Amino acid sequence: MARRPTPIGQPPRTGVAHVVDLVRETVPPLHPAGLPFVAGPLAVAVLGRKYKWVRLAGLTAAGACATFFRHPSRVPPNRPGVVVAPADGLVTLVDTAVPPTELSLGSDPVPRVSIFLSVLDVHVQRVPVGGEVLEVVHRSGQFKSADLAEASEVNERNSMLIRTPAGQNIAVVQIAGLIARRIINNAKIGDKLTIGDTYGLIRFGSRVDTYFPLGTKLLVERGQRAVGAETVLAELSQ
């Protein structure tokens, strides 16, 4: 991440203030959902500070949780008509599939891109395209490995439908996996979302599917790494 320049007319910050600025620019902030998972091990480390192994175990667990719940800033592209990755991870499917039935988008297959998130990936989800939220539907299901094709249909999921200002529908689906047992979606019907903004989180290993209208030009390939809010998955037809 590039360092922010010192505002014109102000002297460079020095000493402790300079160190604080360096930390803020280097260490990604923590998603609020991760606070309890970091605070718990830290409390153990403090309470057991007389015992080296307890202190070390607590600090290690807190560091691991802080890494998992990291929430780095991202800069989405500003060119019109693009759809960005809703998550960091590995592109595992670039195909056509029927959208989730709960979104009432019909039974015809449409372009789809699936991104698998390992426990090492950033797990916050980003808005793939600006627009209005038409539907947010949670569906209970199984917890099979999220990298299996059938996970889109049988696993627990949270489906969201966004309509762009041009009237095109984009569906983005958070899918639970073997370890992921908690899907968070903070968006609500009627919300106006901005491309690249954070809207949700899955813990601790999962998958996110994006469904596009027919005629969309897909720009990624299977096996490619995606960066949430920055990697362009597709261009919508104009």
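Two residues are taken to be in contact when heavy atoms of theirs lie within 4.5 Å, and the legends below use the word in that sense for a model that is predicted.

View 1. Asp 209 is located in strand β11, which spans residues 206-211. Leaving aside residues up to four places away in sequence, Asp 209 touches Arg 112, Val 113, Ser 114, Ser 152, Ala 171, Val 172, Val 173 and Ile 175. With Ser 114 there is also a polar contact, in which the side chains of Asp 209 and Ser 114 are joined at 2.6 Å.

View 2. Strand β6 covers residues 157-163, and six of its seven residues are buried, so the strand is largely enclosed by the rest of the structure. Strand β5 (residues 131-139) is joined to β6 by seven bridges in an antiparallel arrangement, and in this pairing Glu 132 stands opposite Arg 163 of β6. Strand β7 (residues 169-176) also pairs with β6 in the antiparallel sense, over seven bridges, with Asn 158 opposite Gln 174 of β7. The hairpin formed by β6 and β7 has five residues between the strands, and Gly 167 in this hairpin adopts a positive phi near 90°.

View 3. Ser 104, found in the loop that links β2 (89-97) and β3 (110-117), has a phi near 55°, which is a positive value in a residue other than glycine. Ala 229 is likewise not a glycine and has a positive phi of about 75°; its place is the loop between β13 (225-226) and β14 (232-235). As to accessibility, Ser 104 is exposed, with a relative accessible area of 65%, whereas Ala 229 is buried, with a relative accessible area of 0%.

**View 4. The whole protein, for orientation.** The secondary structure comprises four helices and 14 strands, and buried residues account for 44% of the 238 residues. Among the contacts with a separation of 6 or more, 71% are made by residues 24 or more positions apart. The protein exposes about 12,600 Å², of which carbon and sulfur atoms supply 60%.

Terms used
Residues numbered from 1 in each chain as written. Predicted model: local features only at pLDDT ≥ 70, side-chain atom pairs only at ≥ 80, totals over all residues. Heavy atoms only, no water. Helix = DSSP H or I, 4+ residues; strand = E, 2+ residues; numbered from the N terminus. Polar contact = N/O pair within 3.5 Å; in protein donor to acceptor, adjacent residues only side chain to side chain. Buried < 20%, exposed > 50% of the residue type's maximum accessible area, 1.4 Å probe, protein only. Areas by Shrake-Rupley, 256 points an atom, 1.4 Å probe, with all protein chains shown as cover. Pairing = 2+ DSSP bridges.
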